[in-house]
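Subject: Structure handover

Hello,

Here is the structure we spoke about. Please open it first, then read my notes below.

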Amino acid sequence: MTSNSKRPLSPHLQVYRPQLTTMLSIAHRLTGVALAVGTLLLVYWLVSAAGGPESYHAAQDFIGSFFGQLLLFGWSAALFYHLCNGIRHLVWDAGYGYELDVAYLSGKIVLGATAVLTLLAWVLGYSIGG
């Protein structure tokens, strides 16, 4: 048995073309990290509320700024993506949806549901709060 020194020992990102399922898997991991990091913004807001009116006002100013709103939008999109894709994984854990066409369809549903839920949350948030 001879080995080919140019051939990778295991599947590698440079060998395979990225596919929807690959990108969704990577995005699931990244959104998990984003949710953990984004929770620090929530902690900041809660601590500022406990710190008194001045610190709370400063936190509200930051969260209400364009950058703060952008962070919240990204955090909410990550939340809905991670939720929807987590449900997809639960379906897989039950033994369903492994067929290639179903896996791609469920991935597209996850992306669509993420967009709809994120926009719906923001529209409702602005209509109720504004």
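V110 sits in helix 4. This is a predicted model, so please read everything here as computed from it. V110 has a relative accessibility of 4%. The cut-off for buried is under 20%, so V110 counts as buried. Its C-alpha atom lies 9.1 Å from that of L24. In sequence, V110 and L24 are 86 residues apart.

Helix 4 also holds V116. Here the relative accessible area is 54%. Exposed means over 50%, so V116 is exposed. The C-alpha atoms of V116 and F80 are 9.3 Å apart. Along the chain, 36 residues separate V116 and F80.

Now the overall fold. The protein chain has four helices and zero strands. Along the sequence the pattern reads α-α-α-α. The chain has 130 residues, and 21% of them count as buried. V110 is one of the buried residues.

Next, the largest pocket. It holds about 370 Å³ of space. The lining consists of 14 residues. Closest to the pocket centre are I63, Q69, L72, W75 and W122.

Which helices supply at least two residues each to that lining? The answer is helix 1 (20-50), helix 2 (53-64), helix 3 (66-93) and helix 4 (100-129).

Last, the surface. F66, F67, L70 and L71 make a nonpolar patch there. The area of this patch is about 450 Å². F67, one of the four, lies in helix 3. Its relative accessibility is 48%.

V110 and V116 belong to helix 4, while F67 belongs to helix 3.

Over to you.

Best wishes

Conventions
Residues are numbered from 1 along each chain as its sequence is written. This is a predicted model: local features need pLDDT of at least 70, side-chain atom pairs count only at pLDDT 80 or more; totals for chains, interfaces and linings use all residues. Side-chain values use heavy atoms; hydrogens and water are left out. On a 1 Å grid over the protein atoms alone, a cavity is a set of points where a 1.4 Å probe fits but cannot get out, and a pocket is an open set with protein on both sides within 12 Å along at least five of seven lines; lining residues have an atom within 4 Å of a point. Grid points are joined across faces, edges and corners, and a volume is the space filled by probe spheres set on the points. Buried means under 20% relative accessible area, exposed over 50%, partly exposed in between (1.4 Å probe, protein chains only). Patches are made of residues with over 30% relative accessible area and no salt bridge: like charges are joined within 9 Å, nonpolar side chains (Val, Leu, Ile, Met, Phe, Trp, Tyr) within 5 Å. Accessible areas come from the Shrake-Rupley method with a 1.4 Å probe; for residues, only the protein chains shown count as cover. A salt bridge is a side-chain nitrogen of Lys or Arg within 4 Å of a carboxyl oxygen of Asp or Glu.
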